[in-house]
Amino acid sequence: MISEFPHLIDLDDHPVSWWNGLLRQAQDILRDPALYANSCRGKIMGTLFYEPSTRTQMSFQTAMLRLGGTIIGFDNPQTSSVAKGENLKDTTKIVSGYSDVLVIRHPVPGAAKAAALTADCPVINAGDGGHLHPTQTLTDLLTLKCEKGTLSGLTIGLCGDLLNGRTVHSLCKAMSKYPDNRFIFISTRELAMPSYIKDVVRAHGCTFEETESLEDALPKLDMLYMTRIQRERFPSEEAYLAQKDTYILTTKKMKLARPDMIVMHPLPRVDEIEVAVDDDPRAMYFKQARYGMYVRMSLILTMLQSTAKTELLRGHVHSGIVCRDPRCITHKETYLPRSFTGTGTTLTCEYCDERLLLEH
Ligand code: NCD
């Protein structure tokens with residue numbers, strides 16, 4: 001199914017040359033924001049935030065305001081008709097009719113793609129459950145480009161909740177498309193990187209290793225990406241408590257890192273980075289959050305100017321097959337076409353990327 005709008009659901013919706021153009025424009029905006037102050041005058045951005053957010057929501061909003069546009073939306077679905085039982089399709093249809101671009105964050109994997117299927121304007125995925133977070137990745141790419149001067153040949157350590165962290169999924173997929181990057185996945189066995197992300201990394205010819213030791217990995221890294229344990233995505237409080245506090249970056253551990261290593265974090269921080277680390281010049285997370293505003297200015301501009309179409313569903317509808325992931329949006333919004341890519345006995349859900357092995 002091809003949509004007439006240029007959506008951003010996954011960075012893979014667009015070629016790497018498109019990402020690079022967007023980053024170059026973000027650097028231009030950074031150099032002289034005043035030049036862009038009226039670029040979106042008369043345009044309206046809708047923000048549908050079904051999940052808590054500080055940085056993503058406010059950086060999108062300030063980005064639009066700094067481009068001269070205006071904003072509508074909700075940050076608590078309980079104050080909207082969602083509380084009366086309205087489905088995602090209807091809310092999206094209506095608000096996209098009021099807006100020139102729609103930004104959606106939702107707790108359910110695949111929700112952004114589902115929204116794009118019915119929207120009457122471009123849709124930007126601002127995080128769909130534990131699945132993807134492409135605009136955080138654009139933020140991360142701009143930070144790396146500005147602070148390390150390159151997106152290639154880097155050794156990248158990702159630490160924490162690699163199973164449920166959507167930011168690390170999108171970041172690995174993106175960085176494996178640039179040459180000669182290496183990954184070190186630092187996590188407990190329970191919170192290891194999902195195999196579909198490892199497959200993507202391998203398919204692009206990048207190497208990765210997995211370790212439970214932050215101390216062992218630290219001396220090898222150009223960049224350490226710390227993440228929070230995603231409490232809200234655990235099946236029980238006990239399961240969360242068993243994982244909490246496994247990895248804490250301290251000033252003592254920072255002594256093991258190279259002098260030019262940078263520490264990034266999508267934030268919010270809970271306690272995985274000691275507050276004293278903030279004073280280390282290698283701590284980049286607050287600056288990173290500011291880069292996020294500039295990259296989102298560039299993204300909004302691009303989406304409003306582009307006439308590109310997006311292929312949202314590439315595979316085939318199998319009405320008799322259900323996605324194996326009980327959290328997938330297709331279980332909640334049951335009118336959605338159950339579309340899968342792949343053939344034979346292996347199918348992949350087009351909303352949440354869960355793989356199914358069929359028995360014959
Ligand atoms: C992240 C998110 O929402 O996935 N935050 C963000 O957007 N900057 C990370 C997190 O919540 O841990």
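Me: How many bridges join strand 13 to strand 14?

Reply: Strands of a sheet pair through backbone hydrogen bonds, either parallel or antiparallel. Here two bridges join strand 13 (residues 339-341) to strand 14 (residues 346-349), and the two run antiparallel. Two strands count as paired if DSSP finds at least two bridges between them; strands are DSSP runs of E, at least two residues, and helices are runs of H or I, at least four, numbered from the N terminus. F340 stands opposite C349 in strand 14.

This is a predicted model: local features need pLDDT of at least 70, side-chain atom pairs count only at pLDDT 80 or more, and totals for chains, interfaces and linings use all residues. Residues are numbered from 1 along each chain as its sequence is written, and side-chain values use heavy atoms, with hydrogens and water left out.

Me: What is the strand order in the open sheet of four strands?

Reply: The order is 12-13-14-15, with antiparallel pairing. Strand 12 (316-317) and strand 15 (355-357) are at the edges with a single partner strand each, so one side of each has no neighbour in the sheet.

Me: In which sense do strand 4 and strand 5 pair?

Reply: Strand 4 (residues 101-106) pairs with strand 5 in the parallel sense, over four bridges. I104 stands opposite N125 in strand 5.

Me: Is strand 5 buried or exposed?

Reply: Six of the six residues of strand 5 (residues 123-128) are buried, so the strand is largely enclosed by the rest of the structure. Buried means under 20% relative accessible area (1.4 Å probe, protein chains only).

Key
Buried means under 20% relative accessible area, exposed over 50%, partly exposed in between (1.4 Å probe, protein chains only).
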